[in-house]
Amino acid sequence: MNFPVVRHRRLRQSAAIRGMVRETVLTVDDFVQPIFVTYGSGVKTEIASMPGVFHFSLDTLEEEVKEIVELGISAVLLFGIPETKDSVGTSAFTEHGIVQEATRVIKSRYPDLLVIADTCLCEFTDHGHCGMVHTYERDGHVCGDVLNDESLELLVKTAVSQAQAGADIIAPSNMMDGFVQAIRSGLDEAGFSHVPIMSYSVKYASAFYGPFREAADSAPQFGDRKTYQMDPANAREALREAESDVLEGADMLMVKPALAFMDIIRMLRDQFDLPLVAYNVSGEYSMVKAAARQGWINERAIVTEMLLGMKRAGADIIITYFAKDMARWLREKN
């Protein structure tokens with residue numbers, strides 16, 4: 001046989017060889033577990049569209065967090081469902097808001113667990129939008145415009161209140177122009193210059209958020225979020241969004257959703273040297289769970305491949321509802 005002969009299969013002959021040359025490896029340190037916290041007592045209610053994901057009240061939260069810590073997961077992302085809502089999302093920034101109280105509970109018991117506070121207003125406003133809204137009626141229908149600059153003050157108040165409660169990382173997800181600069185300035189002025197910002201830099205107006213809106217009770221009451229979240233058709237715009245956040249002081253950048261936007265993860269990885277976060281969102285989770293329950297797919301294999309793809313694309317951190325599952329599978333493997 002003439003040379004050179006390329007035998008790529010030589011390095012695939014056994015599990016040991018494949019493991020030796022494997023380029024991308026998942027570890028438990030890659031994952032952040034989201035948690036939904038609500039008021040009441042004794043609440044541990046499974047979210048219908050997200051099997052295995054629950055609403056927790058403050059008194060049942062400790063059991064969940066204990067399991068997360070025992071699995072070796074080092075960070076959680078908190079979402080809160082308030083008792084009351086109003087037009088400006090007051091419950092988001094009040095001292096005893098649900099996210100603030102949950103943060104205190106977690107940090108009092110597990111001070112080394114990183115608490116990432118989602119900083120947005122949509123769960124707390126009665127209209128379901130991520131900022132202040134000017135409403136009006138047109139042809140018998142309620143319409144509204146989300147007010148960018150007026151919303152920034154409320155987002156700053158929310159971020160500062162979360163930091164005061166003990167949040168380790170602020171994660172603003174609202175996609176208002178200038179939100180990183182406003183929050184950075186607000187945190188610094190309040191004495192929290194050491195608290196990093198994990199910015200939802202590239203957040204698309206995606207159909208993959210459906211189950212989350214049930215979980216967080218955050219669906220818009222009118223219109224949609226396409227005037228502030230990105231068009232899924234756009235890629236170059238993502239670089240502009242991320243660059244703005246870098247210049248405004250973001251410490252970490254995020255792409256959301258992850259699965260349909262791995263090209264965007266790679267673009268940001270190639271362009272910026274900040275830690276990069278991929279959010280494996282609710283719709284991605286629910287589709288896998290539904291197919292697995294029907295016996296159509298191997299859940300463990302699918303999830304592992306999916307998360308490997310996100311990391312291979314360039315993500316340093318993966319927010320995923322599969323975090324606990326993956327932690328267990330990795331432990332079994334080892």
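In what follows, a residue is called buried if its relative accessible area is under 20%, exposed if over 50%, and partly exposed in between, with a 1.4 Å probe and protein chains only as cover. The model is a predicted one, in which local features need pLDDT of at least 70 and side-chain atom pairs count only at pLDDT 80 or more, while totals for chains, interfaces and linings use all residues. Residues are numbered from 1 along each chain as its sequence is written, and side-chain values use heavy atoms, with hydrogens and water left out.

The term denotes a side-chain nitrogen of Lys or Arg within 4 Å of a carboxyl oxygen of Asp or Glu. The structure contains 16 of these salt bridges. One of them joins Arg-184 to Asp-188, with 3.1 Å from N to O. Both residues belong to helix H6 (residues 179–189), four residues apart, or about one turn of the helix. Helices here are DSSP runs of H or I with at least four residues, strands are runs of E with at least two, and both are numbered from the N terminus.

A second salt bridge pairs Lys-289 with Glu-299 at 2.7 Å, N to O. This pair links distant parts of the chain, with Lys-289 in helix H10 (residues 282–293) and Glu-299 in helix H11 (residues 299–313), 10 residues apart. Lys-289 is buried, at a relative accessible area of 13%. Through salt bridges with shared partners, Glu-64, Glu-67, Lys-289, Glu-299, Lys-324, Asp-325 and Arg-328 are joined into one network.

Within that network, Arg-328 and Glu-67 form a salt bridge whose closest N and O atoms are 2.4 Å apart. Arg-328 is in helix H12 (residues 323–333) and Glu-67 is in helix H2 (residues 58–70), 261 residues apart. Arg-328 is partly exposed at 29% relative accessible area, and Glu-67 is partly exposed at 28%.

I turn now to the strands. Strand S1 (residues 31–38) is largely enclosed by the rest of the structure, because eight of its eight residues are buried. On one side lie Phe-31, Gln-33, Ile-35 and Val-37, and on the other Val-32, Pro-34, Phe-36 and Thr-38; both faces are covered.

Which strands does S1 pair with? Two strands count as paired if DSSP finds at least two bridges between them. S1 runs parallel to strand S4 (residues 75–81), with six bridges, and Thr-38 stands opposite Ile-81 there. Three bridges join S1 in parallel to strand S3 (residues 54–57), where Phe-56 is the bridge partner of Val-37. Two bridges connect S1 to strand S12 (residues 317–320), again parallel, with Phe-31 facing Ile-318.

Strand S9 (residues 198–203) is also mostly covered, with six of its six residues buried. S9 pairs in the parallel sense with strand S10 (residues 252–256) over four bridges, and Lys-203 stands opposite Lys-256.

Arg-10, in the segment before helix H1 (15–21), is exposed, with a relative accessible area of 52%. Val-21, which lies in helix H1, is partly exposed at 40%.
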